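Hello,

Here is the structure you are taking over. My notes on it follow below.

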Amino acid sequence: MKDERTITPVEAERFYDRMGRGLDRFGAFEDRARLEVAEQGRFGQGRAVVEFGCGTGSLAERLLERHLPPDGRYLGLDVSARMVESTAERLARFGDRAVVRKSDGAMVVDAPDASCDRFVSTFVVDLLSRGDAHRLLAEAHRLLAPEGLLCLASLSRGETLVSSTISSLWAGIQRLAPARVGGCRPVVLTSFLPPDLWRIVYRRVLTMFGVPAEVLIASRATS
């Protein structure tokens, strides 16, 4: 299958550096999906969370403040230096429980195998090429402990007439000029999760202002 056109890590870095923390003001539908991730990801049982694409740190702050246990630790990564700075400022009050690093754009996390019990990535898979998306989720599989959970959210294909129309228009813009929409396009998250590696434990498509977003929680499949 030919890979879908998207933006490069360098282009993503420039786009989100420009957006900065102002991204929070334009992300109402993303916030709803992230809230669903926080509520469905069983973070109260988590001790070590890795978030790939931490953005402004809004989800990380919610997890550390309301969901993770007192000894829960967080590692966030983002390709944008502005986003890393914003998240680090936001999480400074949590001390050494929270670490934020800049990613070089590779689908790799510098951490040992089975070293986390929650791997989170919201509105990242939908801006990656299919190849990079598969590489990222393979890395998530490596990092997660046997009882760990993969927690994702992304732009999705609509399930109603209005949301299907909007997602089709969005996909058309992305094909012609991916940088105009930050590289994001509607995807179906389940298409990236081989059933021999993952078991879906929760899935829901939310619609906000006609824009569909998929929330998906999966566990590592047991042999």
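A residue is called buried here when its relative accessible area is under 20%. Please keep in mind that the model is predicted.

Strand β1

By that cut-off, both faces of β1 are covered: Ala48, Val50 and Phe52 are buried on one side, and Val49 and Glu51 are buried on the other. In a regular strand, side chains alternate between the two faces of the sheet. With 5 of its 5 residues buried, β1 (residues 48-52) is largely enclosed by the rest of the structure.

Which strands pair with β1? One is β2 (residues 73-78), which runs parallel to β1 and is joined to it by 5 bridges. Within that pairing, Val50 has Leu75 of β2 as its bridge partner. The other pairing to note is with β4 (residues 116-122), also in the parallel sense, over 3 bridges. There, Val49 has Arg118 of β4 as its bridge partner.

β1 and β2 also belong to a right-handed β-α-β unit, with helix α3 (residues 58-67) as its helix.

Helix α4

In α4 (residues 81-91), the buried residues are Met83, Val84, Ser86, Thr87, Arg90 and Leu91. Seen down the helix axis, the buried residues of α4 fall within an arc of 165 degrees, so they line one face of the helix. An α-helix has 3.6 residues a turn, so residues three or four places apart point the same way.

The N-terminal end of α4 is capped by Ser80, with a side-chain oxygen 3.3 Å from the backbone nitrogen of Arg82.

Regards

Terms used: Residues numbered from 1 in each chain as written. Predicted model: local features only at pLDDT ≥ 70, side-chain atom pairs only at ≥ 80, totals over all residues. Heavy atoms only, no water. Buried < 20%, exposed > 50% of the residue type's maximum accessible area, 1.4 Å probe, protein only. Helix = DSSP H or I, 4+ residues; strand = E, 2+ residues; numbered from the N terminus. Arc of directions from axis to C-beta. Polar contact = N/O pair within 3.5 Å; in protein donor to acceptor, adjacent residues only side chain to side chain. Pairing = 2+ DSSP bridges. Right-handed = clockwise from strand over helix to strand, strands pointing away.
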